[in-house]
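Biologist: Please take a close look at a single part of this model. I would like one connected account of how that part is arranged and what surrounds it.

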Amino acid sequence: MLHIATPPLNSDPAPRTPSAGRSKRASGAAPVALGERSNDAAAQQPAPQPQPSAQWLDQQAAAPDPPAGQWESTLADCGFGLAPDEEQHTMARDIASFGRCCHKAFNHKPEAAAEFVEGFNEYVDDPARLLKCLRPWRSTREGGARSFYAQQDTLAKLLLGVDEIQTELLQTLVAKIAEHGAEDDGGAERAESIPRLCLNQIRWLDRVVDCGKLVGSLLEVMEMVSEELQSEIVEAFPEIIDDREHDTVVQSLMDKMDADSGLLAPILDALSNLNLEQEQMTTVHERVLPKLASAELEVLPLLVKFLL
């Protein structure tokens, strides 16, 4: 008969401690073979990324830049180059040729004109770019020595000569006067003063398509800028408006004079340079005469000269 040895009754079996891996496994889960665990760990490792070849990198470096916006491409087609960073914008055509090209691009094409103005507005949202549009450009035209007056031209001035986009661009420049003019007290150099540079673009235009709208915008902006800049806007009116808007400007300046005696001198100067009819001049004199009693000493000579 086969005898099976049994342990002594007083000897307890050694306690079995569960492994760390088993304690974290949910109860009832099937055991995982060692080979399966190795495969899972390998699957979790990120696959090595292929490195671009030298040929591919060379092709990317030689690839053309993405197409420019409509406003930039129109400028390029008309011979004007937008320079990057601190470089000066360039012009490869004469001014008349540039104007004809722009007219052809926008004539009877309101959508193209609107898209161009939108591109310009986005471009000048950056004050540094705006300043470049308000400064003279450099001619690259061979044998095209520019006249003295042409040297004063800027991109903004060029574009204001295009009837199809002039009104909208004027509104943009007036808005920039308001945006940057509240804190402009005349301390900044004129070459760096955005409001003054914008105002210079508006002066002495050969033609203003909608002078009434421009005058209304400037009069509205005067309420938002410093007194120093208000004086310069007032003095610029004779160089901006045409005869059709004289009545509106004269009435507005008279009201300004009554409300703010500090603007008396520039208002008198502006009125002196407007072509007023005799009846208008008589009305103005009647409004100005009472100012003699309260005028400051330095203004009296100008006041007396205006009344004589």
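**Helices H9 and H10**

Modeller: H9 and H10 are roughly antiparallel to each other; angles over 145 degrees count as roughly antiparallel, under 35 as roughly parallel, 65 to 115 as roughly perpendicular and the rest as oblique. This is a predicted model, in which local features need pLDDT of at least 70 and side-chain atom pairs count only at pLDDT 80 or more, while totals for chains, interfaces and linings use all residues. Residues are numbered from 1 along each chain as its sequence is written, and side-chain values use heavy atoms, with hydrogens and water left out.

The axes of H9 and H10 (residues 194-202) come within 8 Å and cross at roughly 155°. Axes here are lines fitted to C-alpha atoms, for helices over the stretch in contact, and angles run from 0 to 180 degrees between N-to-C directions. Helices are DSSP runs of H or I with at least four residues, strands are runs of E with at least two, and both are numbered from the N terminus. The crossing of H9 past H10 is left-handed, a label used if the near helix is turned anticlockwise from the far one by less than a right angle, with clockwise giving right-handed.

On the H9 side, the contact is made by Leu-170, Leu-173, Val-174, Lys-176, Ile-177, His-180 and Gly-181. H10 contributes Ile-194, Pro-195, Cys-198, Leu-199, Gln-201 and Ile-202. Contact means heavy atoms within 4.5 Å. By class, this contact has 9 nonpolar, 3 polar and 1 charged residues. Ala, Val, Leu, Ile, Met, Phe, Trp, Tyr, Cys and Pro count as nonpolar, Asp, Glu, Lys and Arg as charged, and the others, Gly among them, as polar.

H10 is mostly covered, with 8 of its 9 residues buried. Buried means under 20% relative accessible area, exposed over 50%, and partly exposed in between, using a 1.4 Å probe and protein chains only. The buried residues of H10 include Arg-196 and Leu-197. Its cover includes H9, together with helices H7 (127-133), H8 (155-160), H11 (211-221) and H12 (227-236). Just after H10, Trp-204 takes a positive phi of about 55°.

In soluble globular proteins, nonpolar side chains tend to be buried together. Ile-165 touches Phe-106, Ala-113, Phe-116, Val-117 and Leu-159, not counting residues up to four places away in sequence.

Apart from neighbours within four places in sequence, Thr-167 is in contact with Val-209, Asp-210 and Lys-213.

As for the setting, the chain comes to 16 helices and 3 strands. Of its 308 residues, 35% count as buried. Among contacts with a separation of 6 or more, 65% are between residues 24 or more positions apart.
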